[in-house]
Amino acid sequence: HGYEHEFIKKIVEDVSRKIGRVPLPVADYPVGLEFPVSKVISLLEMDSTDRVHMVGIHGIGGIGKTTLALALYNLIADNFEAVCFLENVRENSQKHGLVHLQNNLLGKILGKEGVQIIGVNEGISQIQRRLSQIKVLLVLDDVDEHEQLTAIAGKPDWFHPGSRIIITTRDKHLLTLHDIERTYEVQGLNKEGSLELLQWKAFKTDIVNPRYKNVLTRAVTYASRLPLALEVIGSHLCGKKVEEWESALNKFERHLDDKIHEILQVSFDALGKEEQSVFLDIACCFKGYELEELAYILQAHYGSCMKYHIGMLVEKSLIKIDHLFRITLHDLIEDMGKDICREKSSKVPGKHSRLWFYKDIVKVLEDNQGTSAIEIIHLEFPLFRKEGGEDPSKKEKNDDVEVKWDGTAFKEMKNLKTLIIKNGRFSRGPKYLPNSLRVLEWRRYPSRYFPSNFNPEKLSILKLPDYLYMLPKLDSLSKVSVLNSFLGFCMFAN
């Protein structure tokens, strides 16, 4: 249907485009891609040519979103007239601005015919006009602001029917905000895939000396299915002896590797100040809590509803809510949060804003090292192995651990808002409790009375042995009376 030379020219251009396209490098050792690739392919509906499909890929930093997007790009690129993989959208947008991204997109799609734009609105107009004429594959990698999407891929009708837009992000909320309903969450590698990736990265082969079996298992457990962590560990320890592996893993378990920390902290840095504070509370003290209980505790602590902030942390891929409605988070994200909390504070535990490690808490209580910096104490003793010749699998009850203190440690903690003591025994009851307390949970409270100088005016949640009490708004004298009566009832009932 036309002149022969135009037909021949179209064939030459089409063939040249396909044979001239160089596949993008996916990974040194691509592992575990088959399943996620098949899932996203099904969302893309490659057989459909009558409309534009936008698909979002989300998950925590280092989980493999970019690797998956690269694999998809290489697999389906030849089905399109023009293709563009815009990498590091977040970083390039911060450094060079949205116009730079728009120019990159048009330059890669149009080649020599590309236009040079000078403003975001002009870029939007050019993208709509030029890309509506051809079937394109566009991958936007690591998007972190909605403005980036509105400037580059605002609406499906910007593009020719049959085009596909793939977006990777840590923030699921961005996909919701952009009306992208087809999404896939990257889950990380299973145990076998984790071991395979680590072995290839560290030894360049899948045949490994049996002497490394234990350290490999330990490294896989530490990495918790995160490909980034496996690659960093494998690179660090490539060619190293078993003893060096053990030493390095000891170091990693004490302090998160700087590269892993840097990548994971990007999501934390994108939060508002109060959301950052809530995340640190969860990472340090409240992992495993049920959603409703956590929301009550945080609301009492901060004085405002926290469900929005919790939801934002879920959207940012920093925490998850499991099928039992419990708060969970990746082990390395938990480590990142605890490292941030330590970095913000002095090396002296008594000057930390949050205390969660039982040895630090016991030292602060027994040596009276408390200060006004402490806002949360969450004490839970782990199960300890019995010493001697007994069966090492048998554990000592953590309620048998005793804190030997004089009862005055809380006197200087004038800003302590949340005090949770899950187990353990105390040699005596407290002589002081901070008037700043909003939440008080003490499973084995060691006295029949609260200190006479305790003013519970701000206390909202009281949880004593097997009882949870939401305190009404009463004057201070009435609250003291209610508290002591309730405490006496708890002691009698137990």
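Trainee: Which residues of H12 are called buried, and what makes them so?

Mentor: In this predicted model, Val242, Trp245, Ala248, Leu249 and Phe252 of H12 are buried; the term requires under 20% relative accessible area, with exposed over 50% and partly exposed in between (1.4 Å probe, protein chains only). Local features need pLDDT of at least 70, side-chain atom pairs count only at pLDDT 80 or more, and totals for chains, interfaces and linings use all residues. Residues are numbered from 1 along each chain as its sequence is written, and side-chain values use heavy atoms, leaving out hydrogens and water.

Trainee: Why are the buried residues of H12 said to line one face?

Mentor: Viewed down the axis of H12, they fall within an arc of 120 degrees, so they line one face of the helix; the arc is taken from the directions between the helix axis and the C-beta atoms. Lys251 and Arg254 are exposed on the face turned away from that buried side.

Trainee: What do the buried residues of H12 pack against?

Mentor: They pack against helix H9 (191-203), helix H10 (213-223) and helix H11 (227-237), where contact means heavy atoms within 4.5 Å.

Trainee: Why do S2 and S5 count as edge strands of the sheet?

Mentor: The open sheet has five strands in the order S2-S3-S4-S1-S5, with parallel pairing. Strand S2 (82-86) and strand S5 (182-185) each have a single partner strand, so one side of each lacks a neighbour in the sheet.

Trainee: What makes S1 and S5 a pair?

Mentor: Pairing requires that DSSP find at least two bridges between two strands. Ile57 has Tyr184 as its bridge partner in S5.

Methods. Helices (H or I, at least four residues) and strands (E, at least two) are DSSP runs, numbered from the N terminus.
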